[in-house]
Amino acid sequence: MLSQVVELIENNNKFAITTHVRPDGDGIGSSLGLNWLLRSLDKDSEIIARDDVPSSYLQLPGAGDIRKVSEIDREYDAVFVMECSDIKRPGIARLDEQFVVNIDHHATCEHFGTINWIDPTASAVGEMIYNLCKAIGGRVTKEIAECVYLALVTDTGSFHFPNTTDRTLKVASELVKAGVEPSAISEVVYNSYSWSRVALMQKVMATVKRDETGKVAFMRQTLEMVEETGAVDGDNNGFVNMPLVAKEVFASVYMREVEPNSYRVSLRSKGDLNVASIAESFDGGGHKNAAGCRVEGNWDKRESELVSAIVEAIKKMDKQKPIQIKEEFELSLA
Ligand SMILES: [Mn+2]
């Protein structure tokens, strides 16, 4: 919990911070924010990661100093593991031998740390870092604010998703007071891709179809599409959400070929439609409105199984009460 984290930082000096493989805005933003906080407290701290930082996030202060490692190669008093469901998620060997501080906002997170600070009420781990900064009596510097703001913007889908609370917006307001220019961070997040994203989007969107009820959209990304467009990791961020802009669409299925006959699946839904339980029935997992799994075999067959499972879930809900989008979510799409 938070008080243990404060005490640990106060009584130690040498720290590392890491996050999950293929890091996203919250993983990077919360790690950088914590690193700036520790340095402002005169601690010795560095960020280590197995994977590259997505190139657009290199514009964030300190992102260029993240050290790539595949195993723990220095001595630390403690290693902070940000936004990870389990100890293997960072992809770093010998992490399990360290004094690990597990910081996450997913209720399903394993308590793999020596200290575990899990706050499912936080919209992003970045929001927790802001709380830590306040709890430890640190000053919210411009660097901390920019990194934490990145985490908030990406994890709440620019304050669109249901995890956006009054506290999220209050924290965002404090970050702007500390020097963040929201439009500048939006440029980093949304307008810093290469043309390869547009080229890939064109190909993937050309495959979008709907089931006969019209409520479930599904689409595909082949290995060939990636090769032809020269797309890199992250170029497909948010593709899965795109069909949901249609009011009548309640769920979206996005299948990416990772090797022949093997597909990574992302599922998204609106309102009370639970795609996590669908993902679980395919050995995956996630949240109610955002989940994923991996499937193998015949593409057409797997796709129709996934779509049918969602259509069935919608039918079941419709029997109980007609599917409805919460008013606040609809407003956010307006
Ligand atoms: Mn997060």
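Strand β8, which covers residues 216-221, runs parallel to strand β9, residues 251-259, and the two are joined by six bridges. Within this pairing, Ala217 of the predicted model stands opposite Ser252 in β9. Both strands belong to an open sheet of six strands, whose order is β7-β8-β9-β10-β12-β11 and whose pairing is mixed. At the edges of this sheet stand β7 (209-210) and β11 (285-286), and because each has a single partner strand, one side of each is left without a neighbour in the sheet. In general, the strands of a sheet pair through backbone hydrogen bonds, and they may do so in either a parallel or an antiparallel manner.

A helix accompanies these strands: α10, made of residues 299-320, lies across β8, β9, β10 (262-269) and β12 (290-296), and runs at about 155° to β8.

Another open sheet is formed by six strands in the order β3-β2-β1-β4-β5-β6, and here the pairing is parallel. Its edge strands are β3 (67-68) and β6 (115-118), each of which pairs on one side only. Elsewhere in that order, β1 (residues 14-19) and β2 (residues 44-49) run parallel and are joined by four bridges; for Ala16, the bridge partner in β2 is Glu46.

Conventions. Residues are numbered from 1 along each chain as its sequence is written. This is a predicted model: local features need pLDDT of at least 70, side-chain atom pairs count only at pLDDT 80 or more; totals for chains, interfaces and linings use all residues. Two strands pair if DSSP finds at least two bridges between them. Two residues are in contact if their C-beta atoms, placed from the backbone, lie within 7 Å. Axes are lines fitted to C-alpha atoms, for helices over the stretch in contact, and angles run from 0 to 180 degrees between N-to-C directions.
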